[in-house]
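Could you walk me through this protein model in plain words?

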Amino acid sequence: AQFELRARGYASVAVEAVVRPGESAHLGTLVLHPGGAVSGRVVGSDGRPVAGARLVTGPVEVPRRVLQTQRLHPDLPAAPSTVSRPDGTFMLEGRPAGPVRVWAASEGCLASYSAPVNVKAGEELYGLELALERIPPGNRITVLVVDPSDAPVPHAHLDFRHRSESTGTTIAGDRTADDAGRCEFVVPDDAQLWITAEDPERRHGPASASDVRTGGEPLVLRL
């Protein structure tokens, strides 16, 4: 289990522990250090407020190509964190003093990050605005898995690998299609995808595709 320890005026701490039924987990002495807060607003590309966006902080000294990759797949600390209110405003407390970037992320959008800001212990930094934009078609690859009769294959197993020259990344893994046999990949706009689909019930043989690019019609893999 993961816990977040927080107190007003102090930096939050995320703690992980294994807790078994009927037992106590001893975490030892946990020390909270003075921290500050950042407040602001999250809006969409149309300027309207975005509710429910997740706000976290990240390091400053990160190469630009890594920042751009994280816009697609934010991999940031769990604490401190908060979510934006119905009017898009947020208060992110519990940040250790020092320079940070503030990130906002919401389903279906590219994550947004701020310029470096300096958080001071015991103080609140006001007026930060983060704008979110919908993930464009140029960053999406949609895959549809069907059987020989063109009926969707629910929960098809997908092994994939995609590579991007602009970000210098290669990512491999596996995914499961949804009830309609569909799966969407969010990738850099120059990514190449290699993918193999398998029938979870082993009724049909696999289907593969290579060098799949973004922005086109859904890729149909027929088993």
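Let's start with pairing: two strands pair if DSSP finds at least two bridges between them. Strands themselves are DSSP runs (E, at least two residues), helices are runs too (H or I, at least four residues), and both are numbered from the N terminus. Keep in mind that this is a predicted model, where local features need pLDDT of at least 70, side-chain atom pairs count only at pLDDT 80 or more, and totals for chains, interfaces and linings use all residues. Residues are numbered from 1 along each chain as its sequence is written, and side-chain values use heavy atoms, with hydrogens and water left out.

**The whole chain**

Of the 223 residues, 40% are buried, where buried means under 20% relative accessible area, exposed over 50%, and partly exposed in between (1.4 Å probe, protein chains only).

Now for contacts, meaning heavy atoms within 4.5 Å. Take those between residues at least 6 apart in sequence: 63% of them join residues at least 24 apart.

**Strand β3**

Nine of the 10 residues in β3 (residues 35-44) are buried, so this strand is largely enclosed by the rest of the structure. Who are its partners? One is β6 (residues 89-96), which pairs with β3 in the antiparallel sense, and here Gly35 sits opposite Pro96. Another is β11 (residues 124-134), paired with β3 in the parallel sense, with Gly44 facing Leu132. In general, strands of a sheet pair through backbone hydrogen bonds, either parallel or antiparallel.

**A four-strand sheet**

Further along, four strands make an open sheet with antiparallel pairing, in the order β14-β13-β16-β17. At the edges are β14 (169-176) and β17 (207-212), each pairing on one side only. From one strand to the next, the twist averages 10 degrees (axes are lines fitted to C-alpha atoms, for helices over the stretch in contact, and angles run from 0 to 180 degrees between N-to-C directions). Inside this order, β13 (residues 157-164) pairs with β16 (residues 192-198), and His157 stands opposite Glu198.

Here are the pairings side by side:

| Strand pair | Sense | Bridges |
|---|---|---|
| β3 and β6 | antiparallel | six bridges |
| β3 and β11 | parallel | seven bridges |
| β13 and β16 | antiparallel | seven bridges |
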